Amino acid sequence: LTEAQMREYYRQLEEEENAWSFTALDETGRPVGSFRMTVMDYEKGHVHLGFIVLSPGTRGRGVGQKMVSMAVKYAVEFLGLKRVTLKVFDCNPAAKRCYEKVGFSEEEYIAEDFPFHEERWGNSLMVYESGRRGDKEQ
């Protein structure tokens with residue numbers, strides 16, 4: 001993503017009523033990742049994590065797992081939600097494994113769901129449900 005694309009993304013996010021963006025910082029205060037919470041529904045106890053991005057230099061070191069784990073903990077313990085969802089592209093098996101380590105499981109797979117250039121990528125809808133047997137420690 002370019003800086004201009006990120007600026008446009010954050011501009012659009014500010015217009016959404018039920019969405020928040022978060023930035024993950026390392027020990028020195030340097031940004032290493034970001035995500036957003038959207039489609040917030042307190043009555044149904046649901047939130048969707050999206051646009052999960054990590055700095056390339058942090059990949060493979062557990063930073064993504066820690067960031068998503070903290071997001072789930074925030075949603076469940078602070079916001080009082082029971083269900084957290086996210087989508088992951090089928091061309092990104094490392095991210096899917098990361099989410100599974102946090103406690104997400106695949107609820108639905110949609111083949112050729114997302115057009116990208118000349119390709120169509122599949123998406124897995126992943127779900128974390130609080131209180132479910134086998135919850136991972138946050």
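**Figure 1. Arg30 and its salt-bridge partner in the predicted model.** With a relative accessible area of 46%, Arg30 counts as partly exposed. In this predicted model, the side chain of Arg30 meets that of Asp26 in a salt bridge, 3.1 Å from N to O. Asp26, at a relative accessible area of 17%, is buried, because buried here means under 20%.

**Figure 2. Salt bridges elsewhere in the chain.** The structure holds seven salt bridges, and here we visit some of them. Arg36 pairs with Glu16, with the closest N and O atoms 3.3 Å apart. This pair links distant parts of the chain, as Arg36 sits in strand β2 and Glu16 in the loop between α1 (3-15) and β1, 20 residues apart. Arg36 is partly exposed at 21% relative accessibility, and Glu16 is partly exposed at 32%. Glu106 and Lys96 form another salt bridge through their side chains, 2.9 Å from N to O. Here too distant parts of the chain are linked: Glu106 belongs to strand β5 and Lys96 to helix α3, ten residues apart. Glu106 has a relative accessible area of 38% and Lys96 one of 23%; partly exposed is the class given to Glu106 and to Lys96. Finally, Glu8, Arg11 and Glu15 are linked in a network of salt bridges.

Figure 3. Follow the strands in the order β1-β2-β3-β4-β6-β5 and you trace an open sheet with mixed pairing. β1 (20-25) and β5 (105-116) are the edge strands, each pairing on one side only. From one strand to the next, the twist averages 25 degrees. Helix α3 packs on the sheet and touches β3, β4, β5 and β6, with its direction at about 10 degrees to that of β6. Between β2 and β3, six bridges make an antiparallel pair; Gly33 has Leu54 of β3 as its bridge partner.

Figure 4. Most residues other than glycine have a negative phi. Val39, in strand β2, has a positive phi of about 55 degrees although it is not a glycine. Phe51, in strand β3, is not a glycine either, yet its phi is positive at about 50 degrees. Phe51 is partly exposed, at 32% relative accessibility.

**Figure 5. Helix α2 and its buried residues.** The 16 residues of α2 should span 22 Å at 1.5 Å a residue, and the end C-alpha atoms, 21 Å apart, agree with this. Its buried residues are Gly64, Met67, Val68, Ser69, Ala71, Val72, Ala75 and Val76. They pack against β1, β2, β3, β4, α3 and β6. Glu118 lies in the loop between β5 and β6 and is exposed, at 80% relative accessibility.

**Figure 6. The largest nonpolar core.** This core has 26 residues, and Met37, Val47, Leu49, Val72, Val84, Tyr99 and Phe104 have the most contacts inside it. At least two core residues come from each of β2 (31-41), β3 (46-54), α2 (63-78), β4 (83-89), α3 (93-102) and β6 (119-129). The largest share, six residues, is supplied by α2. Leaving aside neighbours within four places in sequence, Met37 is in contact with residues including Trp20, Phe22, Val47, Leu49, Ala71 and Leu79.

Technical notes: Residues numbered from 1 in each chain as written. Predicted model: local features only at pLDDT ≥ 70, side-chain atom pairs only at ≥ 80, totals over all residues. Heavy atoms only, no water. Core = buried A, V, L, I, M, F, W, Y, C linked by side-chain atoms within 4.5 Å. Buried < 20%, exposed > 50% of the residue type's maximum accessible area, 1.4 Å probe, protein only. Helix = DSSP H or I, 4+ residues; strand = E, 2+ residues; numbered from the N terminus. Contact = heavy atoms within 4.5 Å. Pairing = 2+ DSSP bridges. Axes fitted to C-alpha atoms, helices over the stretch in contact; angles between N-to-C directions. Expected span 1.5 Å × (residues − 1). Salt bridge = Lys/Arg side-chain N within 4 Å of Asp/Glu carboxyl O.
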